[in-house]
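Please keep the sequence and the model in view while reading.

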Amino acid sequence: MSALGSNTPFLKPSPPRLSDHLDLLKRIEASGVFSNFGPVNTEFETRVVDELFGGEGHCVTVCNATVGLMLALRAQLEGRATQGGLALMPSFTFAATPHAAVWAGLTPLLCDIEPLAWRPCPDDERHLLSTFGREVAAIIPYATFGADLDLTRYDALARESAAALVVDAAASLGSIAQNGRAFGAGFPWPVVFSMHVTKTFSTSEAGLVYSADKAIIDRVRAMANFGFGEPRTATISGLNGKLSEIAAAIALLRLDGFDEIVDRRRLSYALYAQGLPECGFQVETCVRQAHQFVPVLLPTAASARREEIVESLGQVGIGTGRYFSPHVAEQPYFQRVARFDSLPVTDAVSQRCLSLPLSDQMTADEVVNVIQALRNALSGSGTDKRKARS
Ligand SMILES: *Cc1c(COP(=O)(O)O)cnc(C)c1O
């Protein structure tokens, strides 16, 4: 089978179509409320807790997850006797995680990852916590690509070390953890989800801060609204991190049929895993993982040819990503502002990683096409295919 004429972009976001929901837009216009935690936003927050988190806990929307991470950190750090400090996080994450820490006045301290699930390495976390002690002001684990994390362990780590804890769960909305509940459900520390258009819960720009602790959500909500703990009166630090009613409407619409979207994506992911035994796949930690795209590790022997493989897939219309290469410690800005030692597992995973296409509507044929094209590229026959085409 050939991939001739195929056109499979890396991501093909399909957020809810507002143009099909003029009723909702008219409702917003009729209400005269366009932002500031209006009725559509409130309906969304209520439904998210009920429908995704089994009715337990509280949440507040934010304009994006990066601002959500900043606010969730500041909400815990403010009022502490000592300012600043280190923020322990993996180097295998998106730039938003260390950026948020820096904006919250912290210095990223980068740890290594586990070789199979690519989550922050527990041994390295313990090692860094014992080396830096009270200098570590915050722990920011990343639930890698929507994977489960041992949140009980993080709760204990934060309590022992008196550090703040914020979970970067940017890709996790839709993931069901090992305990059978939505990832983060019932957790007393802030868990930050992204609803960016490229994430599984695709909107446009939006984020969500969830916690079982109402006080932390109230605090984040006030901070996202200029620190107004009292009407028009700043009682704590703040900025404008609010979600508009239009953006909330897209998020509200995304709740309908969301489970089917997560399941469809899982089916495509499973096809990829079945069809590419020569590639490394993330070891499963969830009952149901929400998949944003399909990260694989190229066979070791082929990893040096990654650029050539990417190009050869591009020639047949297949887009790819490289999450996360370069990883945080390899990026010039973070090399200046972060602290880290050698990160052998992160380096190894990052060198071999390639992210393959995934979308809500992707068909089995399309997945098979990508698999075939990648196998051709791996075996070095990608070039021949291009010649045959012209
Ligand atoms: C997408 C992502 C973010 C940022 O989310 P935004 O809503 O785009 O700000 C943060 N951390 C990780 C790990 C991400 O993948």
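The largest pocket holds about 380 Å³ of space. Of the 23 residues lining this pocket, F94, A96, A170, S194 and K199 are the closest to its centre. The model is predicted, with local features needing pLDDT of at least 70 and side-chain atom pairs pLDDT 80 or more, while totals for chains, interfaces and linings use all residues. Residues are numbered from 1 along each chain as its sequence is written, and side-chain values use heavy atoms, without hydrogens and water.

**Pocket**
- A pocket is an open set of points on a 1 Å grid over the protein atoms alone, where a 1.4 Å probe fits, with protein on both sides within 12 Å along at least five of seven lines; lining residues have an atom within 4 Å of a point.
- Its volume is the space filled by probe spheres set on the points.
- Helices α3 (65–77) and α4 (96–103) each supply at least two lining residues, and α3 gives the most, with three.

**Nonpolar cores**
- A nonpolar core joins buried Ala, Val, Leu, Ile, Met, Phe, Trp, Tyr and Cys residues through side-chain atoms within 4.5 Å; buried means under 20% relative accessible area (1.4 Å probe, protein chains only).
- The largest core has 56 residues, and F44, F53, I139, F183, F193, F201 and L208 have the most contacts inside it.
- Helix α8 (residues 245–255) gives the most to this core, with eight residues.
- Another core, of 38 residues, lies apart from it and includes A72 and M89.

**Strands**
- Helices (H or I, at least four residues) and strands (E, at least two) are DSSP runs, numbered from the N terminus.
- In strand β13 (residues 353–356), C353 and S355 on one side and L354 and L356 on the other are all buried.
- Strand β12 (residues 294–297) pairs with β13 in the antiparallel sense over four bridges; pairing requires at least two DSSP bridges.
- L297 has C353 of β13 as its bridge partner.

Methods: Buried means under 20% relative accessible area, exposed over 50%, partly exposed in between (1.4 Å probe, protein chains only).
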